[in-house]
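Me: Could you walk me through reading a model like this one, feature by feature?

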Amino acid sequence: MRPQKHGIKSSSFVKFLYIAPFMLSLAVFAYFPLYGWIYAFFDYTPPIPLSQSPFVGFKWFHSLVENKVKIDQLLQVIKNTFGMSGLSLLFSWLPMIFAIFLTEIKAVRFRKFIQTVTTLPNFISWVLVYSLAFTMFSSEGIINGLLSQLGATDSPILFLQKSDHVWITMWMWITWKTLGWAAILYIAAIMGIDDSLYEAAHVDGATRMQIIRHVVLPSMLPTYFVLLMLQIASFLNNGLEQYFVFQNAFNKETIQVLDLYVFNLAMSGGSYSVSVAISMLKSLISVVLLFSVNGLSKLLRGESIV
Amino acid sequence: MSDKSTELAPTETIRTGRPAREAKFQTSMTDKMISVLIYMMFSLFAFICVFPFYSIIINTISANDISARGDIIFYPKGIHFQNYLDVFKIPGLLNAAVISVGRTVIGTSLTVGASAFLGFMFTQEDMWRRKFWYRFTVITMFFNAGIIPWYLTMRTLNLTNNFLAYVLPTIVAPFFIILVKTFVESTPKELQHAASIDGAGLLTLFFKVMLPICKPILATVAIFAAVDQWNAFQDTLLLVTDSNLYSLQFILYNYINQASSLSTMVNLQNAGSTAMASLATKQTTTSIRMTVTIIVVAPILLVYPIFQRFFVKGIMIGAVKG
């Protein structure tokens, strides 16, 4: 906008100065925590400050695999992580099916009602989900009340204390919470299909299922692919909240995913250094995964996802 | 739930597109059966989504002794609202409500302001190293150090047991910045040019020209940010031990595990007051827990149906870009 070369330079730097405070805040809250990885190389036990803690090199990384008990424990956690992430990955097509069938509904009001109602759970916190779960499924909960009134059970079923099927119940809660919301992107993809495609299919005498198979489904695949890649990239990141709130003494063994394990180690066990070591490995593997799926996307679709 | 609020973007496609398509299908017997099946499945899933909320609400307004027997299933019995008055006798609940509302209002304002400004600034092509700083921002969506390193850093910064820990880290939010930037890029460039020619400086351009135009997308950002703030739990769990800073979410989590002592306490308080609590209004473990749950979820239940289209718009723009 301004002709002189000198002028452009200074004004462009002034523009940077406007955003500089925000970049600083980002550096502090998003990049500076990387410095926290240094704890993995020290024998840090609070309240002794890091500066007085002895440097131990890779001791904690070795300690993760030093004896059978620890290996078994870590393996169980990894198994849980793979189990729960794997289940989500296995059923990652559910929102797509949800969207296909929802858009098949012709009564507009009914469709919108369903959409509003099924996206609602996405916006409540995991603590609230747990509270609902507790109210419905605890020993004095509504479901047990109903069952005992019907005479179906003699003693309450302890749904929430069970250690078996935890992966599946956790997956079911995730699905309950996010299915409707996840379908929105696919619904948008379906709404964006050119009418002429439908007309052509109809002229060719396609049945309803054939139209779904050959017109609707292909239109959603690009979205599905991108979301699938992102899901793979965050395979190790189950998040903490859901598993933390649902965790109890009975299901601890099968509910501990990496994020929860790391949290428990540090916040209830006080083993900050080991916890940071695992955290660090997890982050590094996640980055490798992200670059891999990004590369895969470039290879298959010719465009990157991040 | 007005029609308008639940509509998907782009409106035109839906309005003109769907009816034309539907007219083309001949409905055969199997088609009808499939339709019935679809309706039933969706009705069932919708029921599963709503019933927990409904069930808890009718239990909180029913007589507590009937509720405790498990007799409230589809409609309330012995309606009263004493529970909602009683829960505020629990020490800390009112304070937690203030904290939650406070962090939502302050946090949302800061996030919206920063997202608007940064989203606008990142469209300024002549900014020094614009591309680098944009990447510097966006990459944090995909990568983080992990919660424990983050916790240790926050402790180093003295942000434990500090209200600022709720609102400072969320100021720069990459996803919201992308939303605003995409929106600004979709507005005509001539607008900014014209304003510059008229002698408007950068800040005038932002406050007088861009902010008013960006209102729709900022509404979307605000609603997302507010829900995030209201629902936040992890930061309290990691950073706060001072009960004066507990949020409603955190206090609810505690109540789920210790509601029995609370109900005894509230009942003792009521017994001391003039009217002896009747069985119908006597607090039980469950009545306390359910009532607090409804208080915590109420803002979402009230706000969500009204603003649903903002949420949908947000995810659409994000998807185009992401």
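Me: Let's take residues 132-151 of chain B: how far apart are the end C-alpha atoms, and how much of the span is helix?

Reply: Keep in mind that this is a predicted model. The end C-alpha atoms of residues 132-151 of chain B are 27 Å apart, with 60% of the span in helix and 0% in strand.

Me: How is chain B divided into domains?

Reply: Domain 1 of chain B takes in 4-89 + 279-321, and domain 2 takes in 93-245. Their C-alpha centres are 30 Å apart. Where the two meet, 13 residues of domain 1 of chain B contact 13 residues of domain 2 of chain B. On the domain 1 side of that contact there are 9 nonpolar, 2 polar and 2 charged residues.

Me: What pLDDT does chain B have?

Reply: For chain B the mean is 83, and 84% of the residues reach 70 or more. Residues 1-24 of chain B have pLDDT below 50, and this stretch has 33 contacts in the model beyond near neighbours in sequence. For the complex, the predictor gives an ipTM of 0.87 and a pTM of 0.86.

Me: How many residues of chain B are in contact with chain A, and which elements contribute?

Reply: Interface size is often given as the accessible area lost when the parts come together. Here we can count contacting residues instead: 76 of chain B meet 79 of chain A. On the chain B side, the elements that give two or more residues include helix 2 (29-60), helix 5 (93-121) and helix 14 (248-272). Helix 15 of chain B gives the most, with 14 residues. By type, this side of chain B has 50 nonpolar, 18 polar and 8 charged residues.

Me: Now chain A. Which domains does it have, and what does UniProt annotate there?

Reply: Chain A is split into domain 1 (1-34) and domain 2 (73-301), with 39 Å between their C-alpha centres. The UniProt record, again an unreviewed entry, places "domain: ABC transmembrane type-1" at residues 78-293 of chain A. That range is 74% helix and 0% strand, and its end C-alpha atoms are 21 Å apart.

Me: Is helix 6 of chain A mostly covered or mostly exposed?

Reply: In general, an α-helix has 3.6 residues a turn, so residues three or four places apart point the same way. Helix 6 of chain A (residues 126-137) is 12 residues in length and spans 16 Å from first to last C-alpha, close to the 16 Å expected at 1.5 Å a residue. The helix is mostly covered, with 10 of its 12 residues buried. Among the buried residues are Trp126(A), Tyr130(A) and Phe134(A).

Me: Why does Gly83(A) count as partly exposed?

Reply: Gly83(A), in helix 3 (residues 68-90) of chain A, has 17 C-beta neighbours inside 10 Å, so it counts as partly exposed. Buried would take 20 or more, and exposed 12 or fewer. Gly83(A) also lies 9.0 Å from Ile168(A), C-alpha to C-alpha, although 85 residues separate the two in sequence.

How values were computed: Residues are numbered from 1 along each chain as its sequence is written. Chains are lettered from A and ligands numbered from 1 in the order in which they are written. This is a predicted model: local features need pLDDT of at least 70, side-chain atom pairs count only at pLDDT 80 or more; totals for chains, interfaces and linings use all residues. UniProt positions are given in the numbering used here, feature names are shortened, and annotations may be inferred rather than shown by experiment. Helices (H or I, at least four residues) and strands (E, at least two) are DSSP runs, numbered from the N terminus. The expected span of a helix is 1.5 Å times one less than its number of residues. Domain bounds come from an automatic or database domain assignment. Two residues are in contact if their C-beta atoms, placed from the backbone, lie within 7 Å. Ala, Val, Leu, Ile, Met, Phe, Trp, Tyr, Cys and Pro count as nonpolar, Asp, Glu, Lys and Arg as charged, and the others, Gly among them, as polar. pLDDT is the predictor's confidence in each residue, from 0 to 100.
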